Amino acid sequence: MPGVDSTFESTLGSAGDAAPAVEIDGLVKRYGGTTAVDGLTLTCARGAVTAILGPNGAGKTSTIEICEGFRRPDGGTVRVLGLDPADPALKPRLGIMPQTGGVPPAARAGEWLRVVSRFYAHPLDPDSLLGLLGLTDHTRTPYRRLSGGQQQRLSLAAAVIGRPELVFLDEPTAGLDPQARHACWDLVAALRAAGVSVVLTTHQMDEAEKLSDHVVVIDHGRVVAEGTPESLTGAERQLRFRARPGLDLEELLAALPPGSAAKESPSGHYIIEGQVGPQLLATVTAWCATEGVTTEDLRIERRTLEDVFLELTGRELR
Ligand SMILES: Nc1ncnc2c1ncn2[C@@H]1O[C@H](COP(=O)(O)OP(=O)(O)OP(=O)(O)O)[C@@H](O)[C@H]1O
């Protein structure tokens with residue numbers, strides 16, 4: 001998104017205010033007998049993009065909604081830009097894109113953005129923002145008649161129109177087509193370039209890897225891992241290929257140097273770990289040739305964030 005970096009520069013930043021964007025310590029949230037957030041502690045740095053990942057029901061939205069001031073915690077402390085989330089002084093400094101809704105069904109896209117913009121001292125121009133998010137043709141369309149992806153984009157526009165210092169985006173690209181997803185990524189990159197802090201949740205691991213400075217994985221309401229995408233995925237490389245399901249991995253392992261590991265996950269997808277280099281590659285392809293196995297998609301690469309996520313949170317459906 002060339003030329004828009006300065007568009008998002010906040011006019012509200014308080015000079016010398018060094019408080020983190022978000023500081024959460026021992027947060028607890030219960031709904032009746034369900035403990036949704038269970039002693040969660042995390043810090044989101046200023047001017048950075050923090051991605052909060054976790055399986056369905058891990059407690060991401062509950063945590064974000066407490067930070068946004070929509071829910072009160074049952075325990076622990078939360079500071080947003082150094083303030084209590086309920087502090088009214090926070091409102092003009094935050095941009096919020098909820099997981100769903102937030103816009104009256106009958107409101108026309110353009111009108112709604114103009115209404116929202118009036119709450120801020122130095123808003124962006126609504127028409128430019130609609131253009132940036134490909135909604136110009138839908139300016140007069142009521143929210144309920146927009147497609148799911150268009151509704152998402154309108155919510156995103158409403159979240160950033162006030163040039164906030166900190167933006168919360170709860171699954172911003174859920175249901176977006178590839179074009180709209182890229183537009184959203186460009187917008188997040190532009191926010192970051194302008195020094196805006198962004199806290200987002202996503203189920204798209206590639207998105208988290210691409211966009212974020214810091215990744216926090218939560219499960220059962222607690223942080224289970226955090227770091228930069230690179231520190232979480234590590235430097236170790238793997239050999240991966242696809243082939244017919246059910247190869248005899250014991251036999252393959254016998255041909256590989258000691259210390260190698262081989263697994264099939266999911267069916268028909270093979271991962272070989274160990275001293276990954278030309279020798280290992282040659283051994284694996286030679287073994288496949290002997291066995292009459294045709295490989296597809298043979299490549300050497302680092303573990304992905306999705307691999308790490310599944311290792312941390314398991315494969316059980318929630
Ligand atoms: N208003 C509510 N009343 C009762 N239980 C709730 C409420 N909101 C959330 N929960 C429960 O709290 C837990 C955490 O939900 P939450 O929405 O925070 O998870 P999440 O990580 O955002 O999930 P998802 O990825 O599916 O959006 C879940 O077990 C959910 O059923």
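Which residues does F168 touch, not counting residues up to four places away in sequence? In this predicted model, F168 touches I64, C67, E68, L94, I96, M97 and V199. The chain comprises 318 residues, of which 36% are buried, and contains 10 helices and 13 strands.

**Overall architecture**

- Taken along the principal axes, the C-alpha atoms of the chain fill a box of roughly 70 × 45 × 40 Å.
- Of the contacts in the chain between residues at least 6 apart in sequence, 72% join residues at least 24 apart.
- An unreviewed UniProt entry lists residues 22-245 under "domain: ABC transporter".
- In the model, the span of residues 22-245 is 29% helix and 29% strand, and its end C-alpha atoms lie 46 Å apart.

**Nonpolar cores**

- The largest nonpolar core holds 67 residues.
- Within this core, the residues that touch the most other members are L113, A157, V167, F168, V198 and V199.

**Helix α5**

- Helix α5 is formed by the 16 residues 178-193.
- At 1.5 Å a residue, α5 should span 22 Å, and this agrees with the model because the end C-alpha atoms of the helix are 22 Å apart.
- A180, C184, L187, V188, A190, L191 and R192 are the buried residues of α5.
- The cover over these buried residues includes strands β3 (49-53), β6 (166-170) and β7 (197-201), together with helices α4 (148-160) and α6 (205-211).

**Surroundings of the ligand**

- The shell around the ligand is made up of Y31, T34, A36, G54, N56, G57, A58, G59, K60, T61 and S62.
- Two elements, β2 (34-44) and α1 (60-67), each give two or more residues to this shell.
- Helix α1 gives the most to the shell, with three residues.
- By residue class, the shell divides into seven polar residues, three nonpolar residues and one charged residue.

Technical notes: Residues numbered from 1 in each chain as written. Predicted model: local features only at pLDDT ≥ 70, side-chain atom pairs only at ≥ 80, totals over all residues. Helix = DSSP H or I, 4+ residues; strand = E, 2+ residues; numbered from the N terminus. Expected span 1.5 Å × (residues − 1). Buried ≥ 20, exposed ≤ 12 C-beta atoms within 10 Å, placed from the backbone. Contact = placed C-beta atoms within 7 Å. Near = placed C-beta within 6 Å. Nonpolar A, V, L, I, M, F, W, Y, C, P; charged D, E, K, R; others polar. Core = buried A, V, L, I, M, F, W, Y, C linked by C-beta atoms within 7 Å. UniProt positions renumbered as here; feature names shortened; annotations may be inferred.
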